Amino acid sequence: MEDEAANQLSIQSLFLDFDHPNPFVNEKACLGMVKYFPDKSMQILIRNLSNNDLEIRRKSVKALGLFGAKIFLPILNLFNDS
C-alpha cells in the first residue's frame, strides 16, 4: 500500500510539473512519465486530449509522442471510437 501511495505522489508531482509554464520542466516531467509510469501516464494524457484547455491538449499530444510506437494502438482506438 505504501509503495502505491508513493507512486501516486510521484506521478502527481510529474503532472504538476507537466502543467508548469517552463517548457524545460514540462519535458523533464514527460520523460519521467515515460520512464517510470508509462501505462498510467498514457491513460491520463489520452484523457487530456478531450480537455477544454487547448494548452493541456497540446502538451499532451507532445508528451504522447515520446511514447513512440507504443502509443499507436491507443490513439487508433480513440480515433475509431470518435
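**Entry 1, ground rules.** I am working with a predicted model, in which local features need pLDDT of at least 70 and side-chain atom pairs count only at pLDDT 80 or more, while totals for chains, interfaces and linings use all residues. Residues are numbered from 1 along each chain as its sequence is written, and side-chain values use heavy atoms, with hydrogens and water left out.

I looked up the secondary structure and found five helices and zero strands, taken as DSSP runs numbered from the N terminus (helices H or I, at least four residues; strands E, at least two). Of the 82 residues, 28% count as buried, where buried means under 20% relative accessible area, exposed over 50% and partly exposed in between, with a 1.4 Å probe and protein chains only.

I found one aromatic pair in the structure. The ring centres of Phe15 and Phe18 lie 5.7 Å apart and their planes stand at 70°, so the pair is edge-to-face; rings of Phe, Tyr and Trp (its six-membered ring) pair if their centres lie within 6.5 Å, with planes under 30 degrees apart counted as stacked, over 60 as edge-to-face and the rest as tilted. Both phenylalanines belong to helix α1 (residues 2–18), three residues apart, about one turn of the helix, and both are buried.

I then turned to Asn48, which lies in helix α3 and is buried, with a relative accessible area of 14%. Leaving aside neighbours within four places in sequence, Asn48 is in contact (heavy atoms within 4.5 Å) with Phe15, Phe18, Ile56, Arg57 and Ser60. With residues up to four places away in sequence not counted, Phe67 touches Val34, Pro38, Ser41, Met42 and Leu45.

Finally I checked Phe79, which is part of helix α5 (residues 72–81) and is exposed, with a relative accessible area of 59%.
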